[in-house]
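Hi there,

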Amino acid sequence: MTVRNAPPMRHCRFDPVPPSPPTASEPLVQRLAALFLIALAVPAAVAGAEADSPHSPEDLQFFTTQVQPLLKQHCFKCHGEGKEAKGGLLLTSRADILKGGDLGPAVDLAKPASSRLLDAINYRDDLEMPPKGRLPAEAVATLTRWVEMKIPYPASASSEPPKTAHKSVPQVNDETRNFWSFRPVAVTAVPNVKQTTWVRDPIDAFILADLEKTGLNPAPPASRQSLIRRAYYDLLGLPPSPQEVAEFVADQRDDAYERLIDRLLASPHYGERWGRHWLDLVRYAETDSYERDGAKPYAWGYRDYVVRSFNNDKPYDQFIKEQLSGDEMPGAGPDQIIATGFYRLGIWDDEPSDNEQAMYDELDDIVGTVGQVFLGLSINCARCHDHKLDPIPQRDYYRMLAFFGGITRYGNRGRSGLERNSLRNLVSDPARRSAPEAVLHQKKLAATEERIQQLEELVRPDLDSVEKEEFKYAVNRPRLVAKRVPSIITPQQHEDYTLAHAEREVLRRDEPPALAKALCVTEIGTRARDTFVLIRGNIKSRGDQVKPGFPSVIEAEDPSVPSPPPRSVTTGRRSVLANWIANPGNPLTGRVMANRIWQYHFGRGLVRSPNNFGLQGSLPTHPQLLEYLTTQLTAGGWKLKPLHRQIMLSNTYRMASTASEAGLAKDHDNDHFWRFDMRRLEAEEVRDSILAVNGTLSRKLGGPSVFPVIPREVLAGQSVPGSGWGHSSPAEQTRRTIYVHQKRSLPLPLTEVFDSSDVDATCPVRFASTQPTQALTMLNSEFMQQQSEQLAKLVEQQAGTEPRDRVKFMLAQITQREPTPAEIDRGMKFIETMIRNHKLSSQDSLRRFALVAYNINEFLYLD
């Protein structure tokens with residue numbers, strides 16, 4: 001029950017490039033590497049005769065066959081291949097090496113043995129290259145011989161960085177338009193391989209061809225027990241039961257695994273798992289952030305829309321259009337209206353010092369999210385100036401912003417405009433809205449509101465000037481009313497006030513379908529605001545007026561925005577943008593989504609920077625495979641489930657996570673996918689699994705969000721302790737984590753320590769940290785104490801009275817496999833020690849063992 005080769009940390013930021021798994025010496029290596037790169041600053045002149053010194057054909061052949069492969073594998077990532085040269089040092093030609101970097105020449109032709117290049121690869125004089133670990137002895141010997149030969153380097157072998165690695169701001173031109181991600185998607189031939197028996201699917205051929213080229217072998221197949229657990233978590237985010245594992249392991253039919261995948265894809269819990277990935281991307285939360293962090297009414301409707309869409313395998317192009325312009329689609333229904341809640345999910349300042357500035361901040365959030373999520377481009381970086389890293393002029397930023405120029409603000413100053421700007425009735429039929437059930441509900445709600453207001457009016461005259469300002473916001477009123485007990489209102493009146501608040505919350509949450517509302521986008525009318533380039537992003541400094549337009553590096557022609565049809569209430573601009581993004585000819589949309597699907601199955605994308613497909617994003621490790629997957633996605637009608645199925649049935653997906661010395665030496669980061677990367681469960685998976693294995697998890701789908709108990713000490717950290725956190729019934733508190741109220745300023749403690757997503761901006765990749773607070777939470781938190789007691793009760797109910805049977809049952813629940821005799825013996829020893837040395841009862845000892853079992857690595861990590 002140990003963790004082997006734990007996966008690398010994952011970042012949640014704009015351009016996440018996960019680092020290598022940490023090693024004991026890594027901090028020192030990083031420090032020394034940094035010293036090497038920072039210190040390098042005195043360029044040296046190179047004698048022309050030395051630089052042009054001739055070499056024999058044999059010397060040049062030695063470079064081509066022995067040296068160049070080493071440079072490509074270990075050095076060009078930082079000192080070539082289009083990246084900004086670290087420390088100013090390029091290794092892409094003989095002249096570059098002799099010129100050197102900031103430290104001077106990398107090779108001393110007069111004294112080859114004293115060359116800095118040799119010092120670095122031998123880890124001498126505080127130089128350590130490559131920083132991730134020493135080269136094998138043979139590689140060091142090869143490079144040493146090459147230096148002693150005075151570095152023969154054929155001119156034809158020069159690997160100059162692509163012209164897209166700009167010293168100045170990248171321009172929109174033929175060179176940048178030819179960057180790999182901006183070119184049309186190419187139909188790619190499946191490569192031929194030697195080990196044809198390993199190829200079950202074209203995916204395997206692409207992976208194996210790369211492995212054979214690099215001299216790596218694929219890992220053996222994963223065990224059936226590991227495979228079913230992997231499949232359950234990947235598709236459902238939940239563990240299989242021990243019985244389901246046993247049945248799958250015993251099923252000898254040839255298509256047993258295919259049947260398993262089909263069953264999981266058909267599960268309603270698939271949408272919960274993959275919907276959570278999407279919610280990360282679109283910065284989903286149910287509150288506004290800032291000081292009050294007020295609730296976004298009906299935001300949960302968008303969450304349920306996403307879950308339904310994934311469960312129904314809604315084509316991705318339709319999914320895009322509904323979120324960007326669902327209200328403008330012909331015959332738009334409730335789902336299309338709810339989908340546009342996408343625009344309202346970002347942070348919102350309910351008390352801005354400058355309303356116009358706040359509006360542009362909201363629009364910037366939309367431009368940034370649309371650009372990164374759908375296109376993999378950080379268009380928002382061009383708000384104040386031309387993009388420094390990508391060919392996106394500032395003018396293009398404002399042309400993109402113009403598509404959203406008709407959108408109303410989420411709310412006006414305070415929350416006064418929220419109902420008008422961002423809420424819409426989903427049932428327009430007056431007869432249904434005036435049905436007896438709906439009318440009765442409205443009367444009850446109005447009466448409850450009146451009870452609340454009457455008591456608040458009693459308190460209002462007693463407020464001081466500061467409190468009067470605070471009283472404008474509903475979130476502050478209960479606290480200010482409570483301060484007036486018993487001076488202004490009686491304890492009984494306060495009790496009635498509190499009860500009325502609770503009744504109002506229930507009435508709002510349990511509205512009849514005829515009164516359902518949606519958080520959605522609205523526009524100011526058929527004429528959008530004029531859009532100008534803002535000099536340095538300053539709203540007071542207008543430049544040229546612009547019309548809606550796409551990033552010119554991808555689309556040179558200006559779009560045609562048709563006149564809005566009669567009775568339209570919007571500009572129609574968002575539909576133009578949505579249709580362009582969802583077009584199969586768009587070079588980015590399909591690639592970005594195909595990469596995300598691969599990422600969520602394998603732990604990292606073929607492009608490691610999934611929100612950044614620009615010039616400084618990571619290059620694809622398997623470009624032909626990415627083209628193939630993109631073609632499969634678009635040719636398959638943009639449906640995700642067939643692509644899931646193809647990926648998961650491949651031998652590439654079925655590999656074990658077992659490491660080999662040869663693989664680690666050649667490809668420590670598993671760039672070539674020679675094995676499956678182990679991963680730690682994500683935050684939601686941790687909580688859901690805790691509840692699942694003790695039998696308390698509620699699998700109810702959809703509906704308003706729930707409020708599990710949060711410790712009083714955590715609530716005390718709020719500006720208004722307990723504000724905005726409701727109370728749910730015990731049954732509701734055990735629902736899946738995706739249904740927990742997502743309050744920006746108050747995440748669940750358990751999910752926060754296990755790296756839940758950053759909800760203030762798009763989150764393309766999660767962290768997977770290892771830190772003391774995780775262990776402390778898993779051992780000491782009130783939540784874990786309660787869940788351990790529930791697990792112990794389950795064991796007592798289902799495993800009989802024999803201690804050994806109970807230990808066996810509990811370990812099987814935790815690991816979803818048959819525990820070994822040694823593991824059972826160890827559990828028995830723990831319980832006996834608790835009883836003998838600590839004088840605990842057998843029941844308390846079992847509860848303690850349940851707590852220990854929840855902390856087994858095998859529970860938290862996935863092979």
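This is a predicted model: local features need pLDDT of at least 70, side-chain atom pairs count only at pLDDT 80 or more; totals for chains, interfaces and linings use all residues.

**Nonpolar cores**

The largest nonpolar core is made up of 113 residues. Within that core, the residues with the most contacts are Trp278, Tyr302, Phe374, Phe404 and Trp598. Helix 17, which covers residues 355–375, gives the most to this core, with nine residues.

**Salt bridges**

The count of salt bridges comes to 58, and a few of them deserve a visit.

- Arg276 and Glu684 join their side chains in a salt bridge, with an N to O distance of 3.9 Å. Arg276 sits in helix 13 (residues 269–281) and Glu684 in helix 31 (residues 683–693), so this pair ties together parts that are 408 residues apart in sequence. Arg276 counts as buried because its relative accessibility is 5%, and Glu684 counts as buried at 11%.
- Asp280, also in helix 13, is linked to a distant part of the chain through Arg766, which lies in the loop between helix 34 (749–753) and helix 35 (772–780), 486 residues apart. The closest N and O atoms of this salt bridge are 2.6 Å apart, and both Asp280 and Arg766 are buried.
- Lys314 forms a salt bridge with Glu322, where the closest N and O atoms are 2.7 Å apart. Both Lys314 and Glu322 are buried.
- Asp234, Arg273, Arg679, Glu682 and Glu685 are linked in a network of salt bridges.

**Cysteines**

How many disulfides does a search of the whole structure find? The search comes back with zero disulfides. Take Cys381 as a case: its nearest cysteine sulfur belongs to Cys384 and is 9.9 Å away. A disulfide needs the two sulfur atoms within 2.5 Å, and Cys381 is in no disulfide. Cys384 is likewise in no disulfide, with the sulfur of Cys381 as its nearest cysteine sulfur. Cys381 is partly exposed, with a relative accessible area of 33%, and Cys384 is partly exposed as well, at 35%.

Happy browsing, and do write back if you have questions.

Best wishes

Technical notes. Residues are numbered from 1 along each chain as its sequence is written. Side-chain values use heavy atoms; hydrogens and water are left out. A nonpolar core is a set of buried Ala, Val, Leu, Ile, Met, Phe, Trp, Tyr and Cys residues joined through side-chain atoms within 4.5 Å. Buried means under 20% relative accessible area, exposed over 50%, partly exposed in between (1.4 Å probe, protein chains only). Helices (H or I, at least four residues) and strands (E, at least two) are DSSP runs, numbered from the N terminus. A salt bridge is a side-chain nitrogen of Lys or Arg within 4 Å of a carboxyl oxygen of Asp or Glu.
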